[in-house]
Amino acid sequence: MTATVMDPIKITNEELSEEFLNKYDTFLFDCDGVLWLGTHLLPHTKEILSQLTEMGKQCVFVTNNSTKSRAAYTKKFAGFGITVTEDQIFTSGYASAVYVRDFLKLQPGKDKIWIFGESGISEELSLMGFESLGGTDPRLDTPFNASTSPFLANGLDENVKCVIAGLDNKINYHRLAITLQYLQKKDTVHFVGTNVDSTFPQKGFTFPGAGSMVESIAFSSGRRPSYCGKPNMNMLNTIISAKKLDRSKCCMVGDRLNTDMRFGVEGKLGGTLLVLSGIETEERALEASDEHPNPKYYIEKLGDIYEYTH
Ligand SMILES: O=C(O)COP(=O)(O)O
Ligand SMILES: [Mg+2]
């Protein structure tokens, strides 16, 4: 292990927990690997979130998971008995929709978007008035056949001006094949990736993440996507201005170095906390690398802060 300029501090007791909590007003929480692993809520997640609210801290949830919309996330939180409002949630699907509208300046009602991904992308686009194609359309579930695919029968839709690609647990050749057709229209169709995460943490397993799918599409098309989720600064800027945050009083809490910790460091937030309940290990948290920054603090799991202070 090589010592870094500022060695990450491991939170292991009450004193360090108090020091950490007192430093920040707002906590930006990543979700997968921090709060939960799929349908499994990590220990004391509910308690630490209540504790922060009681202390007058603001909690914002910033997930690269594009499979659910912000509305669907409030339901997921509610299912765990945690009350969260939609305006506290930012997803990479929402960030991608904002990018298409505000940066690419596509026109709702006129320009359409082809989706490789789940309903969290189409729902956000639809709220902005955009029509999307592909995504969860059940006709894509059928095995691909170029002469019978309904997506090729009448030619490609000329109004499609962008492909958004993200995590899709129904990934198959039909979806890959039609997505590639749109991406081959290089002059008229933009290419957006929701997030770069190579893997996706679940209880007891690590599965392929959105980045593994988006990069497969990038490879076949020979194009590079614009990634919109963490660590993209457009996403952070959207959050900072929507919630009127003072960066120096914010702490990004996440389980991945190249997305969450980079988001916090490049966004010049006051601090970063890496949890070891998801993707990364203690060795990785401490290693000096050009690929990713080190966190300011790290801890085995988020709920330990609650345990140390009770
Ligand atoms: O779904 C992903 O790839 C990661 O989601 P997360 O940002 O909540 O960890
Ligand atoms: Mg995560």
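This is a predicted model: local features need pLDDT of at least 70, side-chain atom pairs count only at pLDDT 80 or more; totals for chains, interfaces and linings use all residues.
Residues are numbered from 1 along each chain as its sequence is written, while chains are lettered from A and ligands numbered from 1 in the order in which they are written.

Let's start with the big picture.

Now look inside. In soluble globular proteins, nonpolar side chains tend to be buried together. Here the largest nonpolar core has 68 residues, and those with the most contacts inside it are Phe29, Ile113, Val163 and Val253. This core takes at least three residues from each of domain 1 and domain 2. A core like this is a set of buried Ala, Val, Leu, Ile, Met, Phe, Trp, Tyr and Cys residues joined through C-beta atoms within 7 Å. "Buried" means that 20 or more other C-beta atoms lie within 10 Å of a residue's own, "exposed" means 12 or fewer, and "partly exposed" is in between, with C-beta atoms placed from the backbone. Take phenylalanine 29: leaving out residues up to four places away in sequence, it touches Val34, Leu35, Cys59, Phe61, Val62 and Val253.

Next come the annotated aspartates. An unreviewed UniProt entry marks Asp30 and Asp32 as "active site", and its "binding site" annotation covers Asp30, Asp32 and Asp255. The three span 226 residues in sequence, yet no two of their C-alpha atoms are more than 8.0 Å apart, so they gather at one spot. Keep in mind that UniProt positions are given in the numbering used here, feature names are shortened, and annotations may be inferred rather than shown by experiment.

Where do these residues sit? Aspartate 30 lies in the loop between β2 (26–29) and β3 (36–37), and aspartate 32 is in the loop between β2 and β3 too. Aspartate 255 belongs to the loop between β14 (250–254) and α10 (257–266). These labels number DSSP runs from the N terminus: helices are H or I, at least four residues, and strands are E, at least two. Aspartate 30 counts as buried because 27 other C-beta atoms lie within 10 Å. Aspartate 32 is buried with 21, and aspartate 255 is buried with 25. Beyond residues up to four places away in sequence, aspartate 30 touches residues including Val253 and Asp255. Aspartate 32 has Phe200 and Pro201 among its contacts, with neighbours within four places left aside.

Strands β11 (residues 199–202) and β12 (residues 205–208) pair in the antiparallel sense over four bridges, where pairing requires DSSP to find at least two bridges between the strands. Proline 201 has threonine 206 as its bridge partner in β12. Two residues separate the strands, and glycine 204 in the turn has a positive phi of about 80 degrees.

Most residues other than glycine have a negative phi, and most peptide bonds are trans. Histidine 44, however, has a positive phi of about 65 degrees; it lies in the loop between β4 (40–41) and α2 (45–54). Lysine 105 has a positive phi near 60 degrees, and it counts as exposed because it has 8 C-beta neighbours inside 10 Å. The peptide bond from lysine 230 to proline 231 is cis, with omega near 10 degrees. Proline 231 sits in the loop between β13 (226–227) and α9 (233–243).

Technical notes. Two residues are in contact if their C-beta atoms, placed from the backbone, lie within 7 Å. Domain bounds come from an automatic or database domain assignment.
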